[in-house]
Amino acid sequence: QAILPQALSTWNRCIQPSSVGVCRRRQPSQHAMASQGATLQNYNNELVNSIEDLRGKREEVNRQILKEEEDKAKIQKEL
């Protein structure tokens, strides 16, 4: 979870305040940009995996709900 803030921390460091009070940002080196890109890609991959896992769990819960509703209807019919 802390990967994204860590990746962006280098990018957001100020090197010198400007005259209007806005901080100028240091341009990251190609190596730093590649490293940040890889870190963000890993973060995105983790998000995709988490979403896929949640979708699978939702489908399983929906199947259980349908089965229980069918069981309930069967029991009510028997009564």
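A helix here is a DSSP run of H or I at least four residues long, and helices are numbered from the N terminus.

**Figure 1. Overview of the predicted model.** The structure shown is a predicted model. Two helices and two strands make up its secondary structure, and along the sequence they follow the pattern α-β-β-α. Of the 79 residues in the protein, 8% are buried. The protein exposes about 7,100 Å², and carbon and sulfur atoms supply 53% of that area.

**Figure 2. Helix α2 from end to end.** Helix α2 covers residues 30-78, which is 49 residues. From the first C-alpha of α2 to the last, the helix reaches 72 Å. This span is close to the 72 Å expected at 1.5 Å a residue. Both partners of the pair in Figure 3 lie in α2, as do both partners of the pair in Figure 4.

**Figure 3. The salt bridge between glutamate 60 and arginine 63.** The structure holds two salt bridges, one of which joins the side chains of glutamate 60 and arginine 63 at 2.9 Å, N to O. A polar contact of 2.9 Å also joins these two side chains. Glutamate 60 and arginine 63 are three residues apart in helix α2, about one turn of the helix. An α-helix has 3.6 residues a turn, so residues three or four places apart point the same way. Side chains of opposite charge can pair when their charged atoms come close. Glutamate 60 has a relative accessibility of 35% and therefore counts as partly exposed. Arginine 63 is also partly exposed, because its relative accessible area is 47%, between the cut-offs of 20% and 50%.

**Figure 4. The salt bridge between lysine 67 and aspartate 71.** Lysine 67 pairs with aspartate 71 in a salt bridge, and their closest N and O atoms are 3.1 Å apart. The separation along helix α2 is four residues, about one turn of the helix. Aspartate 71 counts as partly exposed, since its relative accessibility is 34%.

**Figure 5. Buried positions in helix α2.** Ala32, Gln36 and Tyr43 of α2 are buried. Each of these residues therefore has a relative accessible area under 20%. Glutamate 60, which lies in the helix that holds them, is instead partly exposed at 35%.

Methods: Residues are numbered from 1 along each chain as its sequence is written. This is a predicted model: local features need pLDDT of at least 70, side-chain atom pairs count only at pLDDT 80 or more; totals for chains, interfaces and linings use all residues. Side-chain values use heavy atoms; hydrogens and water are left out. The expected span of a helix is 1.5 Å times one less than its number of residues. Buried means under 20% relative accessible area, exposed over 50%, partly exposed in between (1.4 Å probe, protein chains only). A salt bridge is a side-chain nitrogen of Lys or Arg within 4 Å of a carboxyl oxygen of Asp or Glu. A polar contact is a pair of N or O atoms within 3.5 Å; within protein, one must be able to donate a hydrogen and the other to accept it, and residues adjacent in sequence count only if both atoms are side-chain atoms. Accessible areas come from the Shrake-Rupley method with a 1.4 Å probe; for residues, only the protein chains shown count as cover.
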